[in-house]
Amino acid sequence: MFGFILRRLLSGVVLLFVISTLAYMLLYVGGGNIARRILGQQATAETVAQKTTELGLDRPLLVQYIDWLSHAVTGDFGTSWFTGEMVSSGITSRLGVTLSIVIGATVITAIVAVIIGVWAAVRGGWVDKVVQGVSILGFAIPGFLIALGLVTLFALNLKWFKPTGYVPLTESATGWLATVTLPIIALAIGGIAGVAQQVRGSVVDALQRDYVRTLRSRGLSFNRVVFKHVLRNAGGPALAVLAVQFVGLLGGAVIVERIFAIPGLGQVAVTATSQGDIPMVMGLVVAIAAMVVIINLLIDLLQGWLNPKVRLA
Amino acid sequence: MIDLTPATIPPKAQRTSLFVRLLKNPVGLASMIFLTLLVLSAIFAPLLTSVDPNQASLQDFLGPAREGHPLGFDSAGRDVFARLVYAGRFSLAGGLLALVIAAVIGVIGGLLAGYYRGWFDSVSSWLAGLLMAMPAIVVLLAARAVLGPSMWLSMAIFGVMLSPAFFRLVYASVTAVRDELYIDAARVSGLSDGSIIGRHILTVVRAPAIIQSAMVLGIAIAIQAGLDFLGLGDMTIPTWGTMLNDGFTNIYKEPLLILWPSLILALTCMALTLLANAMRDELERSAKPKKRKPLIATALMDFSKVAAVTHADDARTAALTGEVLLNISDLSVGYGQPDGSVKTVVHDVSLTVRRGEVHGLIGESGSGKTQTAWSILRLLPEGGHITGGAIVFEGKDLAEASEREMDRIRGKKIAYIPQEPMSNLDSSFTIGSQLVEPMRICLGISKKEATKRALELLSHVGIPNPQRTFNAYPHEVSGGMAQRVLIAGAISCEPDLLIADEPTTALDVTVQAEILQLLRRLQAELNMGVVLVTHNFGVVADLCDRVSVMREGRVIESGPVRAIFKAARHPYTQSLLNAILEEGEPRGELIAPTTRATTQGAQS
Amino acid sequence: MTEPLLDVKNVIVEYPVKGFRKDPFRALKGVSLDIRPGETVGLVGESGSGKTTLGRAVLGLAPVTGGEILYKGKDIAHLGRRERRSLSSDIQVVFQDPYTSLNPSLTIEQILVEPLTMRKIEGKAAARRVADLLDQVGLPSDAGDRLPREFSGGQRQRIAIARALALDPALIVCDEPVSALDLSTQARVLDLFKEIQERTGVAYLFVSHDLAVVRHLSHRVAVMFHGEIVEWGDGDQVTSAPTHPYTQRLFLAAPVPDPDRQEVRRADRDRLLAEQKAQGLQAGATA
């Protein structure tokens, strides 16, 4: 098990390194004349050249990259070209907001999807049909349309929740709940649809396995077999889908934050993108890749715990 | 006796194309109609409206609907209807661009990686994982930061991001079929790699790839709308996303503005997903293997008119005087069909098992022998149920017993040994825990006691190192060992009746001999009644006291084992016994014995 | 004396093992046998004995790392893809599982035409040949436009035999061709194999785990154990009076379909095991 954890950890670090390298190369090569873009068309060639030197962009790309990397490993991702703010503090100050939404949505996705999926698989009949039909719709409709629908219905018409804004949990728990509930639901619906389908499928699959009959022939009740053996075996594929969904949830958060005017990473990303603030974009890419790597690592560990065969791979 | 003419082949099955079947599927038809209309409206946009979608006029700012402008105006005073129709062109074309790029990269990469394996496989699988690790929208934002707002560029990049969807699908299908025997057969037939991929592999990949295309197109259209909604798209072209952005900005002033693009976007994505699902349903329906019909018997002779034969006890069976454990009378088992009817697979089966007696159920595939065994345990697969008769065990009719009562009987009184040793152990738990858990429930003993007993049992069934096997996971032991573990589990609560379903079929013949010996020893030690399901007459001869021969769900002959082997009266039993090759005439020499064969025999 | 059609000399097959610097798995450890024209050589063994691997090596589907396989005096163990393909009309195959050896999405006619295209037999000539092949294996000629799933196991195996016969091969490798079939179907398919051999003079390398099946069909029999041939010779002698300890165990392990004789055999087996144990010969026999 220890070797398994080490291997996974190592492959996560490699992945993070490759993503940041690729992103750096593409962003700095593809950016064209960056100083000109920052200063605008009116700037003289002289000030542009001066700015280029100031930003260190006149050095060879590899040197720039090694410089960036050596700072990045200490947590220093440079400063924004437009606000002068430290990239790292710009990200960490908003990270909590995004994480609270995304992790909230992931947890709700996992819990609700398992309940619905198991229910559909075990009950069968109309329950199964309804769950399948609803999941197809939940999966089909783009998440931000669901978010728009929720805002219009619950915030603008029914006025149950605040349509926009964010109250940190440290300030007021109820305020926090009032502002994050709708975004979390909006994000979770698509995820639940996808994961519930998978849970249902793998439970149906696991229920047909031979060992279910054999365990029951030894006097174990149906519920015991389902909750101890079937769920554990169905857990692997469901977790794999959850890992994929998490990546989707992170992406979805960008749009949902915009709809609910939540000051998270998504907002930073949109602003940095439209300005062409490359150090900020670069920092965001690394932060998001790191989150994905960490979640995948956690899910891999869960997989290894659930299924001993995985540990060998 | 054996005639060479083959069985009559069944009437030709109906085969219709996927497209025709989709037309008959209401969801599929509705989706296709909607998508066709959408495509047509995008192509013929100039015929639907004469207004320029980009023509702005300040006095029409959020103007209401009027003649020639059925949906009114947006915040720049542009005609909403015209924008909606023209936007279809860009949204669909952008989605198609992403789809084509994703499909080309994914399908070709998946085919090559799956078929040739090697380094290309490792590299491309890793790349696919890399692409899937980043949220697409974040990558598109980063690209937008350096490349500017071009819909075509971002859709091309998104196509690359989506290619793992095809890659993984094709890769999985190819690796699934590449080890199929028909691929080997094609290779032996002399086909080149190109022809094998074209003929055998592409046909397998085609249908799932089409289904995936519908899904991917929906995702591409949605993400493009999302990008434009964030205001990061190309503002000079009308798209549903930019319309959403405009609508959202003005949601307090003109709530209807956001409705139209939302509606059309939601409907498009739904239609694509539902179409994909309808295709999958139709394909699954046609791919469902039909139950093999027992054609063997019909080919030889129609036995249904021949009455069942029951032999009287001989001296040996008369000596079996243990109490009657199991008395099955007129048992019928049926499976509910999708059309509401019930298909009966076991008809009026009756048999009796006394304590200490081994009763063989023999028959070919589809004879109902396993169904009979499972109904004694009341563990029929989904959809199966007992439709008639009684299964009286120790004075109680199991056909009528509640689930709770059955839970108390199973394991403790009636135990089961399955056919396939590996699939009958849960690979996620150690062998030990799978032995301990039932014992704690059935016998109500502590974990410590159960562990001690499990180790004793493992050693009792002939496992050389019980502690190691106890701690092992199922995939760490051989098939023969796994079968011993299952036998240990079955006898762990000292049952009165043992149901053994082809307990040696999956094993090698030398292992089979050992397992048969083990079963014989345990049966004698515990004085159990045994129902032994098998298709092997040798196994019957080795273990059984009485035999029931089954065919097409009925017992057609039953009696003491010697009567069946030496004085079978039913023509079907006779034909089965005649088909046995054991002890038959050898083929003999092809030509005179050669020195070559004998000299080589010793040295190799 | 006839020249052998196929001469397998000291063949070694090794599969690479996943993992860094692991020794390859040696599935065949130097195996030799020969097959004469029109002869059936039976190859018996249990799972993992290497019997299927030997069949696949002859077909060019397993990596031969040592020794040679001579077909009509020419080594075919190390041919390139192109040369190997030209051998398709000489050596053919019938696999064990009739459910996966036929592509489920092709019709029977498409399956049977596949090898014919190699010889540029097309159109009317191909259709005639397909009808002829179906007739040879006892299937009605209108079977051509059906899909494999419309046939029973035994019928599918007939189709697989027809495909093997399409190019009039001199040798067919039969890899457990009847072990997935019911008893009565099995007997009829075996008789078909026999009848075809008597008519066409094709030779078989007949791989099976079932001593009785091999005995029924084979002129000579080889017994494999752990990648080696332990006994090899006349079919009747090997299958009724074996001399190698493993073959003796194998022979006595198979139960006889007669309660009284099985009782005797069981006693014989117990005695043999006791004797071999005393001589320390029983290595590898336990499950």
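Modeller: Two strands are said to pair if DSSP finds at least two bridges between them, and the strands themselves are DSSP runs of E of at least two residues, just as helices are runs of H or I of at least four, both numbered from the N terminus. What we have here is a predicted model, in which local features need pLDDT of at least 70 and side-chain atom pairs count only at pLDDT 80 or more, while totals for chains, interfaces and linings use all residues. Residues are numbered from 1 along each chain as its sequence is written, chains are lettered from A and ligands numbered from 1 in the order in which they are written, and side-chain values use heavy atoms, with hydrogens and water left out.

Biologist: What makes β1 and β4 of chain C a pair?

Modeller: DSSP must find at least two bridges; β1(C) (residues 6-15) and β4(C) (residues 64-71) are joined by six, in the antiparallel sense, with V8(C) having I69(C) as its bridge partner.

Biologist: Which strands of the open sheet in chain C stand at the edges, and why?

Modeller: The order of its four strands is β2-β1-β4-β5, with antiparallel pairing. β2 (25-35) and β5 (74-75) of chain C each have a single partner strand, so one side of each lacks a neighbour in the sheet.

Biologist: Why is β10 of chain B called mostly covered?

Modeller: Buried means under 20% relative accessible area, against over 50% for exposed and partly exposed in between, with a 1.4 Å probe and protein chains only; six of the six residues of β10(B) (546-551) are buried, and the strand is described as mostly covered.

Biologist: How do you know that both faces of β10(B) are covered?

Modeller: In a regular strand the side chains alternate between the two faces of the sheet. R546(B), S548(B) and M550(B) lie on one side of β10(B), V547(B), V549(B) and R551(B) on the other, and all are buried.

Biologist: Which strands pair with β10(B), and in what sense?

Modeller: β4(B) (residues 358-362) pairs with β10(B) in the parallel sense over four bridges, whereas β11(B) (residues 554-560) runs antiparallel to β10(B) and is joined to it by six.

Biologist: Which residue takes a positive phi in the hairpin of β10(B) and β11(B)?

Modeller: E552(B) does, with phi near 50°, and the hairpin has two residues between its strands.
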